[in-house]
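Opening the notebook on a new chain today. I'll go element by element and jot down what I look up.

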Amino acid sequence: MTRRDPDAILVVINPSQTRRWIGILSLVALGGLLIWVAFAGRPAFQWQIGFFIGGIAALWASDAMRRATCDRLELTSIELRTDKGVRLALVEDVRSVERGAFAFKPSNGFLARLKKPYPRAWSPGLWWRFGKFLGVGGVVPGGQARALAEVLTALAHGIELPDMDD
């Protein structure tokens, strides 16, 4: 048996361009609607300020999602990371992976429970990390997320993967 290159990419998740743009355009529409209501509806001043701030926040979130979903996720035998090199978690820190219908997970994705807490981080539409929880999903294709979750589960439990190069 050959020794696997620790930097070799085992599974990749590319965001679905259709889902990506539906999410971005939905946030833009929400932001525009809230700003329009703030000025066209003539609500009380405090509501007007609230609608305006909410609209600006939705427009900011749409741009954050646009930038975040340009990344792809890569799983190696050592870590789960983005293609820009941001480490989401080390494989050795993964306690379990949940994909069930009632799991608290992103759409089309999975939740990884980690052995130790990581700093909070969020990439809108792609992944989030909060303490000992890592959620992956949103605008990703379900099949790619399932494949990554299965390989991550196997790696986390020490199961040796077959060498696909042979």
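This is a predicted model: local features need pLDDT of at least 70, side-chain atom pairs count only at pLDDT 80 or more; totals for chains, interfaces and linings use all residues.

I began with the buried positions of H1: Arg20, Gly23, Ile24, Gly31, Leu34, Ile35 and Ala38.

Next I asked myself: what do the buried residues of H1 pack against? They pack against helix H2, residues 45-68.

Then I checked the length of H1, which covers residues 17-40 and has 24 residues. From its first C-alpha to its last, H1 reaches 33 Å, close to the 34 Å expected at 1.5 Å a residue.

I also looked just past the end of H1, where Arg42 takes a positive phi of about 50°.

**Gln48**

I picked out Gln48, which sits in helix H2. Is Gln48 buried or exposed? Its relative accessibility is 18%, and the cut-off for buried is under 20%, so Gln48 counts as buried.

Ala38 was already in my notes as one of the buried residues of H1.

On to the strands. S3 (residues 79-82) and S4 (residues 87-90) run antiparallel and are joined by three bridges. In that pairing, Glu79 is opposite Leu90 in S4.

How many residues lie between S3 and S4 in the hairpin? There are four, and Gly85 in the turn has a positive phi of about 95°.

**The three-stranded sheet**

Last stop: an open sheet of three strands, ordered S5-S6-S7, with antiparallel pairing. Which strands stand at the edges? They are S5 (94-98) and S7 (127-136); each has a single partner strand, so one side of each is left without a neighbour in the sheet. I noted the twist too, which averages 75° from one strand to the next.

Zooming in on one pair, I found four bridges joining S5 to S6 (residues 110-123), and these strands run antiparallel. For Val94, the bridge partner in S6 is Leu114.

Helix H3 (residues 142-156) lies across S5 and S6, and H3 runs at about 150° to S5.

How values were computed. Residues are numbered from 1 along each chain as its sequence is written. Side-chain values use heavy atoms; hydrogens and water are left out. Two strands pair if DSSP finds at least two bridges between them. Helices (H or I, at least four residues) and strands (E, at least two) are DSSP runs, numbered from the N terminus. Axes are lines fitted to C-alpha atoms, for helices over the stretch in contact, and angles run from 0 to 180 degrees between N-to-C directions. Contact means heavy atoms within 4.5 Å. The expected span of a helix is 1.5 Å times one less than its number of residues. Buried means under 20% relative accessible area, exposed over 50%, partly exposed in between (1.4 Å probe, protein chains only).
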